[in-house]
Amino acid sequence: MGVLVMINRPSADAAAHRPGAPDFEEADPASPQLSVLDLAATRGDGVFETIAVGDGYPQALDHHLRRFASSASMLDLPSPDLAVWRRAILEVVDKLGPLPEATVKAVMSRGIEGDGRPTGWVHGQQSPDHTRARTEGIAVVTLDRGLRHDVERTSPWLLAGAKTLSYAVNRAAIREAVRRGADDVIFISSDGFVLEGPTSSLVVQRGDTLLTPGIELGILDGTTLGSVFDFAAEEGLRTGYAMLTAEQLGEMDSLWLVSSGRHAAPVHTLDGVPRPFDSELNLRMNAFLSRRQE
Ligand code: PLP
């Protein structure tokens, strides 16, 4: 069931605060906490972050909080009071106790329609075992996302690049991958450029360089990706951004889908074709991601 705190002051907007309420309170995750009228439930209208916790440390917390605020701004939500959210996340991490790996999910919805006050909560729980994906790798299919690579600029109302609660499409893409005998997905833009996974960023290795698609492609600014680039610096590898086509993926030395909970999952099969990956580099990358303390 994990640990839950409900946030009483999700936004920095003083007028929206319930007078006298503490900033957040622990609540029972096994009991109902959310109104059926909450826009999180009725419209998927809100934003979230999933933060990995390794040996009691929330990883890349500053980056997650920055992205949380940026997603809220893209949805015209009130700006979250990040000091309150940080304390709530640390409280949940503390209450989870000494687990080797956990994840903490911070959610802010638009609240109850017409109420004008966001709803917020933070829930933490033990992570599933990702050893197999991290060590043996995953099978991935490429799927058309149906949006052009420049959608963030041309159609900002589509919220490409925001981490919104509306993940039904992302889940449907993973079910499609499973129907095709694979584990995960790399989305391709409708004009042919490689983007990201439904819950992960793409990293490719070409020689002594790690590359990723740029964030101006309507994709998330991945926190794990940021850490992978720190790892590259430690390894003496170069890093950069590249507009890659699906065909070019086949020419890369290694591919990974990287994300907060699963860390780095190397791709052993792409669209049904087996492919190699640098297993030594993969092990070092995952070890780096597991021991991050900031
Ligand atoms: N892209 C999408 C669409 C995601 O949902 C996620 C994480 O859930 C990522 C990328 C990777 O982000 P992070 O490394 O911060 O977990």
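A: The buried residues of helix α7 pack against α2, β9 (201–206), β10 (209–212), β11, β12 (254–259) and α9 (279–290). Contact here means heavy atoms within 4.5 Å, and buried means under 20% relative accessible area, with exposed over 50% and partly exposed in between (1.4 Å probe, protein chains only). Helices (H or I, at least four residues) and strands (E, at least two) are DSSP runs numbered from the N terminus.

The model is a predicted one, in which local features need pLDDT of at least 70 and side-chain atom pairs count only at pLDDT 80 or more, while totals for chains, interfaces and linings use all residues. Residues are numbered from 1 along each chain as its sequence is written, and side-chain values use heavy atoms, with hydrogens and water left out.

The helix α7 comprises 13 residues and spans 19 Å from its first C-alpha to its last, close to the 18 Å expected at 1.5 Å a residue; the expected span is 1.5 Å times one less than the number of residues. Its buried residues are Thr 223, Thr 224, Leu 225, Ser 227, Val 228, Phe 229, Phe 231 and Ala 232. After α7 comes Gly 236, with a positive phi near 75 degrees.

On a 1 Å grid over the protein atoms alone, a cavity is a set of points where a 1.4 Å probe fits but cannot get out, whereas a pocket is an open set with protein on both sides within 12 Å along at least five of seven lines; lining residues have an atom within 4 Å of a point. Grid points are joined across faces, edges and corners, and a volume is the space filled by probe spheres set on the points.

The second largest pocket has a volume of about 330 Å³. It is lined by 14 residues, of which Ala 60, Leu 61, Ser 227, Arg 292 and Glu 294 are the closest to its centre. Two or more lining residues come from each of α2 (61–74) and α7 (223–235), and α7 gives the most, with four residues. The lining holds four nonpolar, four polar and six charged residues, where Ala, Val, Leu, Ile, Met, Phe, Trp, Tyr, Cys and Pro count as nonpolar, Asp, Glu, Lys and Arg as charged, and the others, Gly among them, as polar.

The helix α2 has 14 residues and reaches 20 Å from its first C-alpha to its last, close to the 20 Å expected at 1.5 Å a residue. Leu 61, His 63, His 64, Leu 65, Arg 67, Phe 68, Ser 71 and Ala 72 are its buried residues. They pack against β3 (46–54), β4 (57–58), α3 (82–96), β5 (101–109) and α7. Just after α2, Asp 76 takes a positive phi of about 55 degrees.

Leu 225, one of the buried residues of α7, is also among the residues that line the largest cavity. The count comes to one cavity of 30 Å³ or more, and the largest cavity holds about 40 Å³ of space. Besides Leu 225, its lining consists of Leu 195, Glu 196, Ser 201, Leu 202, Thr 212, Pro 213, Ile 215, Ile 219 and Leu 220. These lining residues divide into seven nonpolar, two polar and one charged.
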